[in-house]
Each structure stands twice: as structure tokens, then as C-alpha cells.
Amino acid sequence: MDRETKRSQRLAFPRLYVDEHQVCQSVMWYEKIGMTELRKVETETERIVWIGFRGQPQSSWVEFRSLTYPPHPLVYNPQRSDAYWKIGLTLPDVARAVDVLREQGNAVSEPEQFRDIGFLCHLKDPAGFTIELLQHTFEDTFRVTPPLNHVKLESYPLQQPVLVGQITLRVADAVRSLAFYQTLLGMRLLSIQAIPGKFDLYFLGCTTETPPGPVASPSIREWLWQRPYTTLELQHTPSKHTSSLYVAPPASPLADPRQGRAGFTTLAFLVSPARFRELQEVLPNDVTTHRTDSEYGAPCLTSRDPDGTEVLFIEEDV
């Protein structure tokens, strides 16, 4: 894929189904951490809300959906076998953000330097979805980070600029998943991070940037956490650990809102008209559908990745 094609698509959002009362509740909660309602659509069967960080044009956002007339209450019961794990928020100062979140009454894990990956912590939103806070720098290099005195910190709910740094999916076969996202979709592999005895992480982006070192080197990780765009993080558990951490499809269900199962169903991209036409040619016909009358008011392509996750491409008039 050439440089122009890579610029013509971007990672847009994960689609998360929640119970109907949790849509407004989630919007209000995310507003307290600096996100705002970007778009709201109601169809005959569903309510759709986009929520994200204004002023961060390369950041992805989150799409929450609920059924207008649900046959069952939707309950989110996350499992280690789920395809979806979390979104990660990247920011300069995790400890400062944790103080604010705890003052708001949120339960947040104690921030820590996780091996040579990053300084991070976790919390959950009102619907039970995991959020990771990931600092731009490691714990031991934080003191030499340039100060944020050029930013009016009081204007940010977490007292600093924040964006969606990662959308994290679990995959059963790293080779097949990389063939889909890297080779077929043309995303660039930016980092490989092995955590012995646990899992391997692969970070991909819709970018023309080149990492400042080998993709497997810890030396590029602070660079990665400071990118102004959202990356796709694929978590793969080696086969000897699969029985305890990841159950390959079809034992890894996505959400099924009509059966009362809330959660993740879809990973979405925004693409230019030219890229949309290219995807019509390269995506496998047996798992790809084309809609011209979507709820987004734009043509859409829907395909499937190797784990069965629905991958949505929305044509964006750019």
C-alpha cells in the first residue's frame, strides 16, 4: 500500500452495546474525563451515540449502542476469552489523572511500571468496560519529561490533554491477524512487545510514520505512547497458555444484544471514497457486504477478521 492510501483510512471506533439506561449514564461519566458527545442517531431499532475527545482529530472515539425495544436487559459479563479487552487512554501524567478520578469516586488500580511496557493503571466505566491509563513516559523517566506549562491544565477534566491511544483486541492466531490488518488493510506494524509467560502484543496504526528503532525494542515504547493517533493493539497468547487465557473461536462470543449479552461487536474505520473502492476489490467476497443506506448516511462495507470480529468501513467524504 502506498503512502497516500495509508492516509486515506483511519481507525474510528469500537462498537459497544449497553443496556438502554446505560447510554446516558455512560455519556455523563465519560464527559467527566474530558470526552464529549460527538454524534447521536436514533433509528427504528437502536440508539447510537459517539463519544470522544474534541480537539484530538486523530484520536478514535467510542460508539455506544442500545436497542430501542430490547427483548431482554443487556448485561456485560467480560471474559478472558472475549475478543475485546479495552480502550487505552494515553496522557502525560497518570498519577495526576488518578487523583482526579478518585476524587470523583472512581475505583482505580494503583499506578505501576509494568515491566518494560509502560507506567499504567486500570479502571472500569459504569457499564463495566475496562479503561487503561497509559503514561507517555516510563516511571523512571517521568521527572525529565518536558513540563506542561504551555497548556492551561485547568481546562482539562483530568488536568492534561488525553486521547484514545489504543483499542485492544485479543486474537487466536497472530500470523493470521497480522495478515489481515497489516497486509490486507495496510496498517503499519509499529511495535511488538513480548511478555514472557503471559502474551505478546502487536501495535498497528494507519500511519506513514516509521518507529525510531526496531519494532521489538523497548526503546521505542515511550515514542509509541506519545503518538497523536489511535493504534490497534492485538493481544496474542501463545498456544501453551491458551487454555487459561484465551479460547479460540467459536468459544469466544461477541456481544449479542438480542440475547441480552452486552459488549463489543464491531471495529470501525473511516475511509476515503478511493480507499472504499479499493477495499471492495480486495476484501474477501464471502464475508463482505456493501450497504448504501447505512445509519451513518454514507456507504459502508462490512467484513470479518480471522477471529470473526465484524470490521466496518464507512466512506468518508474527504
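Close-up 1: Leu270 stands opposite Ile314 in β16. We're looking at a predicted model here. The strands to follow in this view are β13 (residues 263-271) and β16 (residues 310-315), which run parallel and are joined by 6 bridges.

**Close-up 2: the whole sheet, strand by strand.** Step back from that pair and you get an open sheet of 8 strands with mixed pairing. Reading across, the order goes β2-β3-β4-β1-β13-β16-β15-β14. At the edges sit β2 (36-42) and β14 (289-291), each pairing on one side only. Neighbouring strands are turned by 25° against each other on average, if you ignore direction.

**Close-up 3: helix α2 on the sheet.** Helix α2 (residues 20-31) lies across β2, β3 (46-52) and β4 (62-67). Compare its direction with that of β3: the helix runs at about 10° to that strand.

**Close-up 4: the two sides of helix α7.** Helix α7 spans residues 273-282, and its buried residues are Arg275, Phe276 and Leu279. Looking down the axis of α7, these buried residues fall within an arc of 105°, so they line one face of the helix. Turned away from that buried side is the face with Arg277 and Glu281, both exposed.

**Close-up 5: zooming in on Leu279.** Leu279 belongs to helix α7. What is the relative accessible area of Leu279? It's 0%, so Leu279 counts as buried, the cut-off being under 20%. Leaving out residues up to four places away in sequence, Leu279 touches Leu185, Val271, Leu301 and Phe313. Take Leu301: Leu279 is 22 residues from Leu301 in sequence, and their C-alpha atoms are 8.2 Å apart in space.

Technical notes
Residues numbered from 1 in each chain as written. Predicted model: local features only at pLDDT ≥ 70, side-chain atom pairs only at ≥ 80, totals over all residues. Heavy atoms only, no water. Pairing = 2+ DSSP bridges. Helix = DSSP H or I, 4+ residues; strand = E, 2+ residues; numbered from the N terminus. Axes fitted to C-alpha atoms, helices over the stretch in contact; angles between N-to-C directions. Contact = heavy atoms within 4.5 Å. Buried < 20%, exposed > 50% of the residue type's maximum accessible area, 1.4 Å probe, protein only. Arc of directions from axis to C-beta.
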